[in-house]
Each structure stands twice: as structure tokens, then as C-alpha cells.
Amino acid sequence: MESILLGLGLEEATAQILGAILKALIVLLFFVTVGGVLTWVERRLSGFMQSRLGPNRVGPQGFLQWIADGVKLVFKEDLVPDGADRVLFRLAPYFCLIGVFCTLVVLPWGSGIIIADLNVGLFYFISITSLVVIGVLMAGWSSNNKWSLLGGMRAAAQIVSYEIPVGLGLLVPILISGTLSMQGIMASQGWLPWDWMLFKSPFTVLSFFIFFVGSLAEANRIPFDLPEAESELVSGYCTEYTGFRYAVFFLSEWANLFVVGALTTVVYLGGGNLPGMISGLWVVSLLVFFLKTGLVVFLIIWIRWTLPRFRIDQLMKLSWKYLLPAAFLAFFGQALWMLLTWKLPLVQLAMAVLIFLTFLVLLYLFIKRVSVNIKEQKTSVNSPLPAEAGK
Amino acid sequence: MLFEFSNIIIFLVIAVVFVAVTLLVGRFLRPNNPSAGKSAVYECGETPVGGGFSQFNMRFYLVAFVFVIFDVEIAFMYPVTVVFKELMEEGWGILALVEIALFILILMVGFVYAWNQGGLDWVKGISDEKAIDSSGKNLDIT
């Protein structure tokens, strides 16, 4: 990008800044699109999983629904409730959006494709996401609404509780890669599944589990969606928000879904790594990255429409009493494992292949079970009811 | 390298500008007919009782305190984790691991104390089974 601008006869400093702004704008466009499209994907998928249609009117398969929703929300009246803290009320959406959007700075879209490969990448990633808590707490507090306050407090307590296991769980991949730079973490894995961080040792599997559960909770997804528990708290911290301010909260929430999927992909699933002979093809690398991210996002949506909601005391218990000690266990286990085997790469490889094969067997059993269930359901739907059969 | 960090500022500004400009454009497009009923606080259709800035549970403070301690700990853990691999290859691995373990152990004392004193229990004094059984009278789940 800079080289094109330099070619236009600009000075180097100007070209750099302009290039950075252009890149940021492109990423913003992507951010808005991915947030919007994911709302449509989620609604269609939930419709599919619950045997109903979901949005299917605007555009082919209802694909343009998210644009229609966005435009509608811009045209809606912007209300600030009586007695609210007006300044904080207006500021809150900004914090939520920044907290999610700024993570994209260090996200490697493929090998070599990154906005800024910071040497503190992953640490920056964890710290900038904390801004979301401030936004949520601000929104909950400033609305002068009991539901909002409760939702905001719950959200803050939940997000900070799960930040600890996520932060500790991510130490395991850092132990292995020995760097915080996102490209470095990605490059320390290979394109083969048993080179991925996830399958490297039993402790990385544990760390992945902790990270994934914690990320679901940090993104306020079911089974951890207590802050927005619509059956108890109306809409949680964004009860009083209308129009585009409300849209900003939702945009950042769904874009966060993508960000969680992308981080999982990069840290645990090998990111956009390619086999040696085609490693120069950045388009393929990008595609691999998006494919993996899409799969993780699908998994998260699937979990949402499968599991019920936790109760708050169970939620806190899970974080502090199970995930936190487990995170320490994973850290020390991995450190010991590395100390024992760092001179024996063959043992490490054997372990990785073994875990990968176990994973494949479990996957096969799961698919088998699910297909049996689907078959049984189909026959039970098509056969007449016992009462009718007796007539 | 330093220029790389300025990307963060640019992203931050772009995010703020995006929201601000969209809201500004929306200002000329959207209706603005405030009324007493519209700006009333939502409370399931009833007239709101009392203010929204009500008291909230002490437990949120406790969670915040424990969080701050562990968050600082994580911040200290990251640097040593990054160099652990290098140390290991130079033969200092066991020493490094012992030192990390000592550091965590000191924190763990506090954690075990908090756990033992029930600081991590959300529903204090009532076991889970009781919380489900009681008809809501003792159920103090916020």
C-alpha cells in the first residue's frame, strides 16, 4: 500500500500515514460487513436448527437483511431516558466498539498479512478487549434503569472473572512459541493438523478448552449470556438504548464473534499456514484462515442454540473454582512436558499424532451418534402417532 | 517498529469517527419528537418505582478485588513465559520453573484463603441443593 502511494509522488512519512489510514478504513469496512453478515448467519442458522425459516425476504435467502436492519436503526429516534447520566450514556457505545475493533490491528489474516505485527501482539490483544467491560459497565450504570444496572454489573463481574482463565490459558501457546507476536505464534505451528497448537500435548488441549470456554463467556454468548438474559433482565445493559447506539453494541458483539473465532484459529488451529511449496500464495492463506475461522464461528453459534443458560453462582464457580486451577495445571504441565521432551522431538511428534488420532476417533463417534439420532427423529416424525395408529 | 504502534491510534480514531459521523448523519434523518412517556425509564410497562441507581451487591466488589490481584499476576507472568523457551535451551529451565512456581505459590496462599473463607461462593451459607429447594425466600441470587 505504501509503495503505491510513494509511486504517486508523496513523501515517505505522508505515504505511511495515508497508507495506515487507508488500511484502517478497509478493515472498518470489513468489520461492519462481518458484524452484519454474522447476524444474518446466526438468525438463519438458528432458524434451521429450530425448524423455522428465519429472515428470508430481503435479497436472496434474506442475505441483505443486515443492511436493511442497519438502515432502519439509523432512521430510528435516539432517546436518552429521564435522569440518565447523559455523557456516560452517549460515550458507552464508543468503548464497546473500540474494544473489539482495535483487536484487528494485530490479527494475522494469513502468513505475512497483518496490519501491524507488534512484538507484544497477544498481550495487546488481551488488554484492548478489556475496554469492552468499561463500555458495558458505563452503559449499565448511566441508564438509570434497574435492569441495565443489574445487567451491567453482571456483565462486568462475568467478563473480569473469565479474563483470568483466558489470560492464563493463553500462556501455554506462548510457552511453546516463545514469542508474543501474532505472526510468530502462527509461524511456530505448521499446516499439518498435528503441528497445530491444539494437538501438541495433553496440556494444550486443556488450555484450548479453558480459552474457548472463557472466550464464550467474555463474548457474552450462551451458555454465558447472563448479562443479557432476555427472560430476566429485558435486554441487560442495552435496555434503554435505541437506534444506532443500540446497533453499535450489537455490531461489536457480533464482530467479536468473528474476533474470537479468528484468535482461536491463529493461536490453536494453525492460522493461515500453508505447506512449504505454496507458502507464497497469500490468497490461499487468507482462504484457509477464513475457512477455519468460519468453522469455529459455526461451532459457537451451534453451542448457542444447543445449550441452556447457566445460573450466576454456577458461572462464578466454574470460572474461579474449576477453570483457574485448571489453567495453572495446564501451565505447569506444559512447562514440565517441555523440560522433559525438548531434546526428544520424536516423542513430541508421536504425542501430537496420538492426540490428533484420538480427536479423529471422537469426531467419528460423534458424527455416527448424531446421524443415528437424526435418522430416529425422521422415522418418528413420519410414522403416525400411537393414538392415530390405534384407530 | 514504533510506527507500527501508531496503527493502534489510527484504528482508535477511525472507530470513534465512524460512530460519531453515523450518529451525526442520522441526526438529520431520524425523527425527534420527545415526549414524557418516551423518555421514561423502561420497567416492563409499569411506572418506574424509585431510581435506577439502586444499591447493588457487595459481592461484585469482592470479585473485582480478586480480579485485580490475578490480573496483575498475569501481567507479570507474560514476560517470563516468553523467555522460558530460551532459558530452557540454555539449561536454566528447571530453575526458571521453580521460580515461577514460587511466585505463583505466594499468590495461591491468598487464593486458597479466599476460597476457604467462602469469598468465591456466590450464594453464601446456602449449599447449591438448598438454593434450588427453597421456594425463593432464601434464594439471594443477583
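**Close-up views of a predicted model**

**Figure 1. A:Ser51 sits in the loop between H2 and helix H3 (65-74) of chain A.** The model shown here, as in every view, is predicted. Phi of A:Ser51 is near 55°, a positive value, and the residue is not glycine. Most residues other than glycine have a negative phi. A:Ser51 has 7 other C-beta atoms within 10 Å, so this serine is exposed. A residue is exposed if 12 or fewer such atoms lie within that distance.

**Figure 2. A:Gln61 lies in the loop between H2 and H3 of chain A.** Phi of A:Gln61 is near 55°. The value is positive, in a residue other than glycine. A:Gln61 has 13 other C-beta atoms within 10 Å and is therefore partly exposed.

**Figure 3. H12(A) packs against helix H13 (residues 282-304) of chain A.** Two packed helices are described by the angle between their axes and the distance between the axes. Here the angle is about 120°, and the axes of H12(A) and H13(A) are 8 Å apart. That angle makes H12(A) oblique to H13(A). The crossing of H12(A) past H13(A) is right-handed. On the H12(A) side, the contact is made by A:Leu257, A:Phe258, A:Val260, A:Gly261, A:Ala262, A:Thr264 and A:Thr265. They meet A:Phe289, A:Lys292, A:Thr293, A:Val296, A:Val297 and A:Ile300 of H13(A). By class, eight residues in this contact are nonpolar, four are polar and one is charged.

**Figure 4. Helix H14 (residues 312-341) of chain A packs against helix H4 (residues 93-116) of chain B.** The two axes are 10 Å apart, at an angle of about 170°. An angle over 145 degrees counts as roughly antiparallel, so H14(A) and H4(B) are roughly antiparallel to each other. H14(A) passes H4(B) in a left-handed crossing. From H14(A), the residues in contact are A:Phe328, A:Ala335 and A:Leu339. H4(B) brings B:Gly93, B:Ile94, B:Leu97 and B:Ile104. The contact has six nonpolar residues, one polar residue and no charged ones.

**Figure 5. Chain A meets chain B through 65 residues of chain A and 56 residues of chain B.** Which elements give two or more residues to the chain A side? They are helix H2 (12-49), helix H4 (86-101), helix H7 (146-169), helix H8 (171-177), helix H12 (243-268) and H14, each of chain A. H7(A) gives the largest share, 12 residues. By class, the side of chain A that touches chain B has 42 nonpolar, 12 polar and 11 charged residues.

**Figure 6. Chain A has 16 helices and zero strands.** This legend sets the close-ups in the whole chain. The C-alpha atoms of chain A fill a box of roughly 80 × 65 × 45 Å along the principal axes. The radius of gyration of chain A is 23 Å. A compact globule with 391 residues would have a value near 21 Å, so the two agree. Of the 391 residues of chain A, 49% count as buried. Among contacts in chain A with a separation of 6 or more, 76% join residues 24 or more positions apart.

Notes. Residues are numbered from 1 along each chain as its sequence is written. Chains are lettered from A and ligands numbered from 1 in the order in which they are written. This is a predicted model: local features need pLDDT of at least 70, side-chain atom pairs count only at pLDDT 80 or more; totals for chains, interfaces and linings use all residues. Axes are lines fitted to C-alpha atoms, for helices over the stretch in contact, and angles run from 0 to 180 degrees between N-to-C directions. Helices (H or I, at least four residues) and strands (E, at least two) are DSSP runs, numbered from the N terminus. Angles under 35 degrees count as roughly parallel, over 145 as roughly antiparallel, 65 to 115 as roughly perpendicular and the rest as oblique. A crossing is left-handed if the near helix is turned anticlockwise from the far one by less than a right angle, and right-handed if clockwise. Two residues are in contact if their C-beta atoms, placed from the backbone, lie within 7 Å. Ala, Val, Leu, Ile, Met, Phe, Trp, Tyr, Cys and Pro count as nonpolar, Asp, Glu, Lys and Arg as charged, and the others, Gly among them, as polar. The radius of gyration is taken over C-alpha atoms; the globule rule is 2.2 Å times the number of residues to the power 0.38. A residue is buried if 20 or more other C-beta atoms lie within 10 Å of its own, exposed if 12 or fewer, and partly exposed in between; C-beta atoms are placed from the backbone.
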